Amino acid sequence: MKRLAEILLSKDKTQEIMMGNWGLVRAMIEANVRVVTSYPGSPTPEIATAIAQIPHEDRPFYFEFSVNEKVATEVAFGASINGHLSCVFFKSVGLNVAADSLIQLGLMELIGGMVIILGDDPGANSSQNEQDNRHFAKMSYIPIFEPSSPTEAYQMFKEAAKISQEKKMPVFLRLTTHVCHYKELIEFEAWNKLEFDPSPKFDPDNGPYIPITSAVFPMKRKALKKLSEFAEYADKSSLNFVNDNSNKDIGIITMGLPYYSLLDVMEEMKVKADILKLGIVYPLPQEKIIDFLRSHKEVKILEELDDLVERDVKMIAFDNKIDVKITGKNDLLDWENEYTPDKVKEVLRKQWSSFFAPAQAEDKQKPLLNPRPAQMCPGCGHRSAFHAIRKAIDKDTITVGDIGCHTLGFLPPYRIGQALLSMGHSNGTAAGLSLFNNKRKVVSFLGDSTFFHAGLPGIINALFNNHNHTLIIMENGTTAMTGHQDHPAVGKNFNEVSEKIPILDMLKGMGITNVRSVDTYQQAKLTEAVKEAVAEEGFSVVIAKHPCMLKFTRELAKKKIGNPPKVQVTAKCNRTYECISEFACPSYQINPDGSVWVQEDLCIGDGSCKQTCPSLAIESKAKEEK
Ligand SMILES: Cc1ncc(C[n+]2csc(CCOP(=O)(O)OP(=O)(O)O)c2C)c(N)n1
């Protein structure tokens with residue numbers, strides 16, 4: 001068994017340096033969670049990576065990647081009302097997909113308990129927005145724990161599970177990117193493995209579980225009662241604590257990543273403010289906040305993203321007639337990006353310029369890292385597809401991107417995919433763009449995992465309402481962008497072999513006759529297929545298919561099979577630079593004398609570039625160099 005699995009399954013106290021996401025798996029095991037579900041999305045997929053390290057037969061809980069976040073939430077809900085402690089995790093915007101079911105959870109008597117792990121993404125490192133999911137807690141009457149570090153994530157998961165089981169209510173554990181990904185020494189408790197009682201405990205009398213019409217009112221009252229009991233607990237909880245630095249002039253209320261950034265800044269600048277650190281951000285610990293406000297002359301709310309705590313703290317001060325200066329956001333810049341130490345310094349200086357003034361030697365220009373713009377991998381089938389599709393559509397064609405690696409088609413030189421909302425939006429948006437439009441063709445894009453996740457309704461809508469656009473499905477056989485998770489067309493799930501659900505057959509089953517499937521490496525054929533599809537009236541589909549080459553080459557490497565021979569540029573090159581300016585594989589470089597060369601550590605020898613050279617100057621080398 002691998003070392004990570006041994007640590008995760010150890011019955012004894014143990015300690016290890018690991019990232020927050022991995023430590024959470026140990027917390028799940030110690031809490032005796034029975035069912036865990038997810039749909040992949042950064043910053044949380046490494047939770048599943050750690051679960052995958054535990055051999056299936058040794059896994060103390062059931063885990064699945066469901067087809068989307070809503071289904072994942074429903075599976076975890078079903079398990080909980082059957083008596084099993086459950087957990088669902090997904091990324092920030094995953095909550096939007098889950099919301100239609102998730103919003104009801106507060107109304108339900110979750111007899112097994114249920115923890116919802118949210119991976120929020122301040123800084124939009126890998127998301128289409130910076131949405132602050134603390135807003136959702138108020139709307140759904142679900143409390144939120146917010147850890148600042150991997151150790152706290154581990155501890156708070158267990159606490160969240162405990163209170164969720166006691167009160168039979170859902171509890172959020174809100175993480176942000178740094179807490180998920182940074183590594184520290186986590187000290188794990190012993191694991192008292194509980195004997196598992198598999199008997200199904202579902203009983204409608206535990207509920208009600210049907211929130212319709214007037215039945216909603218008692219359910220809502222119950223949810224509010226549980227929430228107010230939780231608020232009493234929050235006030236007593238040691239997860240909300242004061243760092244008393246004997247500074248009664250300046251007090252700072254903070255939470256999450258900003259807490260550690262603040263400690264860094266204070267240490268670096270040799271200043272000390274009192275801190276009220278919140279581990280529970282909804283509902284707030286009223287009494288602790290009142291005491292803190294009363295005992296300081298001025299209080300600043302240091303809060304990443306939106307001003308939720310600031311508003312609530314100001315309300316608490318008003319209701320309790322506390323005469324203290326409270327400040328939060330100063331300007332629009334305070335609403336954006338991760339509160340790293342540099343950002344915290346910048347935010348605090350706007351407030352207290354002399355207190356957090358730069359020391360003399362401080363703020364030296366730090367060396368900047370070279371920017372690393374996002375790009376498709378060498379050999380990526382999506383690149384071949386975009387290169388071919390560019391030749392098939394005219395400059396007036398409107399192209400609608402979707403979420404996945406193929407989103408990168410919006411970059412030069414392809415510039416394909418000109419609007420983006422969310423996973424699976426492309427066909428709805430394309431349909432709207434095609435209305436009152438008989439002049440400009442509309443082409444939408446969709447990845448294969450997204451097809452199952454949220455893409456199907458848009459496709460069915462296009463058929464149902466006779467919309468007029470062409471869909472190109474970028475089928476690479478995996479959920480590439482989030483780390484190659486399997487999807488329903490692959491033929492296996494997280495745990496075992498499963499029925500393959502082929503996309504082409506599904507489309508045909510829906511009655512779509514004008515559907516073409518082409519390997520994207522056959523660029524000329526793909527160009528023709530797209531030209532034909534776009535020329536047709538109504539809804540047409542092209543499946544642009546090629547396995548994800550990053551996954552493929554990794555699999556080859558695992559089997560100790562080398563890549564095919566790399567390519568080289570021969571003397572036939574007449575320097576039209578199509579390989580660079582239109583195909584844009586990062587392996588191609590130009591020498592100062594204008595000649596083209598191949599950067600061999602990038603080239604994977606796929607050869608998809610050969611067909612792009614008008615002078616046929618690209619050839620494979622004789623044999624692979626080891
Ligand atoms: C609602 C939601 N859930 C999860 C994600 C995270 N996510 C971003 S890209 C992506 C993978 C999409 O896979 P696929 O459609 O197959 O495209 P590929 O990356 O393979 O090209 C996922 C799951 C997201 N952005 N939004």
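Two strands pair if DSSP finds at least two bridges between them. Helices (H or I, at least four residues) and strands (E, at least two) are DSSP runs, numbered from the N terminus. The model is a predicted one: local features need pLDDT of at least 70, side-chain atom pairs count only at pLDDT 80 or more, and totals for chains, interfaces and linings use all residues. Residue numbers start from 1 along each chain as its sequence is written.

Take the parallel strand pairs to begin with. Strand β16 (residues 442-447) runs parallel to β17, and 5 bridges join them. Val443 has Thr470 of β17 as its bridge partner. A residue is buried if 20 or more other C-beta atoms lie within 10 Å of its own, exposed if 12 or fewer, and partly exposed in between; C-beta atoms are placed from the backbone. In a regular strand the side chains alternate between the two faces of the sheet. On β17, Thr470, Ile472 and Met474 point one way, while Leu471, Ile473 and Glu475 point the other way.

Strand β5 (residues 114-120) is also mostly covered, with 7 of its 7 residues buried. Met114, Ile116, Leu118 and Asp120 point one way from β5; Val115, Ile117 and Gly119 point the other way. Strand β4 (residues 86-91) pairs with β5 in the parallel sense over 6 bridges. Ile117 of β5 has Phe89 opposite.

Now turn to the open sheet. It has 5 strands in the order β9-β11-β10-β13-β14, with mixed pairing. β9 (241-243) and β14 (325-327) each have a single partner strand, so one side of each is left without a neighbour in the sheet. Neighbouring strands are turned by 20 degrees against each other on average, direction ignored. Axes are lines fitted to C-alpha atoms, for helices over the stretch in contact, and angles run from 0 to 180 degrees between N-to-C directions. β9 pairs with strand β11 (residues 274-278) in the antiparallel sense over 3 bridges. Val242 has Leu276 of β11 as its bridge partner. Helix α11 (residues 286-294) packs on this sheet and touches β9, β10 (250-255), β11 and β13 (298-302). Its direction makes about 165 degrees with that of β11.

Ala273 lies in the loop between α10 (256-269) and β11. Why does Ala273 count as buried? It has 24 other C-beta atoms within 10 Å. Leaving aside neighbours within four places in sequence, its contacts are Asn245, Asn247, Ile250, Gly251, Ile252 and Met266. Contact here means C-beta atoms, placed from the backbone, within 7 Å.

Helix packing comes last. Two packed helices are described by the angle between their axes and the distance between the axes. The axes of helix α2 (residues 20-30) and helix α3 (residues 45-53) come within 8 Å and cross at roughly 55 degrees. The two helices are therefore oblique to each other. Asn21, Trp22, Leu24 and Val25 of α2 make the contact with Glu46, Ile47, Ala50 and Ile51 of α3.

The axes of α2 and helix α7 (residues 150-167) also come within 8 Å, but cross at roughly 25 degrees. α2 and α7 are therefore roughly parallel. Angles under 35 degrees count as roughly parallel, over 145 as roughly antiparallel, 65 to 115 as roughly perpendicular and the rest as oblique. On α2, the residues that meet α7 include Gly20, Gly23 and Leu24. Among their α7 counterparts are Pro150, Ala153 and Tyr154.

Conventions: Two residues are in contact if their C-beta atoms, placed from the backbone, lie within 7 Å.
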